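Me: I would like to learn how to read a sheet and a helix pair. Please take me through them.

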Amino acid sequence: MDPNAFKDFSKEMADFITNYLENIRDRRVLPNVEPGYMKPLLPNEAPQTPEKWQDIMGDLEKIIMPGVTHWHSPRFHAYFPTAQSYPAIVADMLSGAIACIGFTWIASPACTELEVIMLDWLGKMLDLPKEFLACSGGKGGGVIQGTASEATLVALLGAKVKKIQEIKEQHPSWTDNDILGKLVAYGSCQAHSSVERAGLLGGVKFHLLDVDGKFRVRGETLAEAIREDKEKGLIPFYAVATLGTTCSCAFDCLDEMGIIANREGVWLHVDAAYAGSAFICPEFRYLMKGIEKADSFNFNPHKWMLVNFDCSAMWLKDPTYIVNAFNVDPLYLKHDMQGSAPDYRHWQIPLGRRFRALKLWFVLRLYGVENLQAYIRNHIAQAHEFESMVQADSRFEIVAEVIMGLVCFRLKASNDVNEALLKKINGAGYIHLVPSKINDTYFLRLAICSRFSESKDIQNSWREIKLRADEVLAEQSTSK
Ligand code: PLP
């Protein structure tokens with residue numbers, strides 16, 4: 001087949017993409033299909049002979065779009081945002097064309113070198129301590145992981161290697177197995193499920209920590225848990241501080257946790273998956289006070305910094321332990337320049353990696369720090385606008401302090417009534433929210449997600465919520 005066939009397909013798709021995004025407001029945010037909707041629309045087998053690309057274009061609106069949840073609609077308020085912008089989409093196109101696998105420096109030097117520089121640019125934008133940056137000339141540096149979940153696991157595996165080495169120096173007769181069964185990690189009971197899962201995947205015990213009235217882990221809670229575990233003969237080795245929890249966007253007391261972790265020789269990892277993007281604005285950096293005490297820090301530009309998934313930025317003060325944890329060195333992956341630049345295959349779980357630094361480079365150059373800061377501030381202002389509207393309606397209450405672009409709220413009524421409200425909202429499909437629960441209190445979460453979102457969208461979403469609340473409360477009073 002002609003290797004240059006389908007060139008026109010890519011041009012036509014570029015038009016489809018711009019048209020889709022420009023008109024995203026007109027689409028119903030949640031699809032109205034049943035499980036299995038697609039099977040009758042597609043043949044049972046792949047075609048033996050080529051089809052026309054024009055037929056695929058025709059099928060997009062018939063087969064794909066009816067089953068798409070439109071995450072970039074300004075009426076999508078579920079989960080946390082996932083980022084998207086033209087510069088990042090175009091960078092992914094270029095990455096798809098170069099299609100290199102940058103596992104070592106020589107496998108595509110530009111892929112590694114741009115990543116090192118972009119992680120330095122980004123680290124400086126957040127004002128990370130210089131120990132995390134490659135440009136400081138020390139051991140530290142950054143890497144792009146696929147997800148925050150991988151970053152948490154990679155840090156845990158590095159911490160495990162570090163602690164095993166330390167313990168073997170103190171107790172030369174102890175085997176790896178003697179030590180492994182005693183290792184214990186820590187994280188908030190409000191941490192993302194990927195934190196506890198990292199413990200399961202890493203084969204270690206995990207101690208979930210209670211939170212205070214603001215849903216944050218305090219230093220003394222970590223200290224007490226470590227004391228209890230040491231008394232039981234366990235070996236504390238790893239703690240995760242969450243900056244911006246998934247349920248309510250609470251911020252653990254990093255500074256307090258850092259003092260304890262450093263005192264106890266426990267590796268401190270920071271998971272700032274969503275909220276980390278806000279640290280490009282100096283006024284939010286008070287929330288990362290104590291960052292100099294952390295061993296590793298991670299946030300997702302692919303959540304809130306206009307870089308498409310996947311792009312999870314991770315920095316390590318000393319990557320040696322992770323490099324050692326993952327280092328297997330077959331002959332076919334060796335090269336003459338080993339040691340002069342990072343071979344990122346040692347910093348991550350998979351071997352293969354795409355040229356993801358391109359999308360950071362394009363976004364940072366085409367928006368500039370100023371516009372990215374304005375973008376974050378605008379989302380947070382919209383969250384506060386929504387918060388004020390909720391507060392002005394005496395039937396509702398705010399459940400957690402609004403710090404970023406997430407508002408947690410509920411009707412002043414039972415969990416059942418709030419569940420009925422959410423069911424009505426999502427059933428109508430005009431806006432999309434997901435719930436959460438803390439200490440048996442069920443509430444609704446409204447996240448500002450779309451880069452198209454404006455004040456008028458937030459007002460529309462609030463109007464829809466009030467309308468559904470009227471319906472639910474009317475049904476409640478007639479059923480009494
Ligand atoms: N950590 C926090 C605090 C999150 O909110 C999330 C997802 O929303 C994650 C981790 C998982 O992110 P990822 O999908 O990049 O693994």
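The dialogue below covers the sheet, then a helix pair.

Reply: This is a predicted model, in which local features need pLDDT of at least 70, side-chain atom pairs count only at pLDDT 80 or more, and totals for chains, interfaces and linings use all residues. Residues are numbered from 1 along each chain as its sequence is written, and side-chain values use heavy atoms, without hydrogens and water.

Me: What is the strand order of the open sheet?

Reply: Strands of a sheet pair through backbone hydrogen bonds, either parallel or antiparallel. Two strands pair if DSSP finds at least two bridges between them; helices (H or I, at least four residues) and strands (E, at least two) are DSSP runs, numbered from the N terminus. Here 7 strands follow the order S1-S7-S6-S5-S4-S2-S3, with mixed pairing. Strands S1 (141-145) and S3 (205-209) are at the edges with a single partner strand each, so one side of each has no neighbour in the sheet.

Me: How many bridges join S5 to S6?

Reply: S5 (residues 267-271) and S6 (residues 296-299) run parallel, joined by 3 bridges. His-269 is opposite Ser-296 in S6.

Me: At what angle do the axes of H3 and H12 cross?

Reply: Axes are lines fitted to C-alpha atoms, for helices over the stretch in contact (heavy atoms within 4.5 Å), and angles run from 0 to 180 degrees between N-to-C directions. Helix H3 (residues 86-98) and helix H12 (residues 357-391) have axes that come within 8 Å and cross at roughly 145°.
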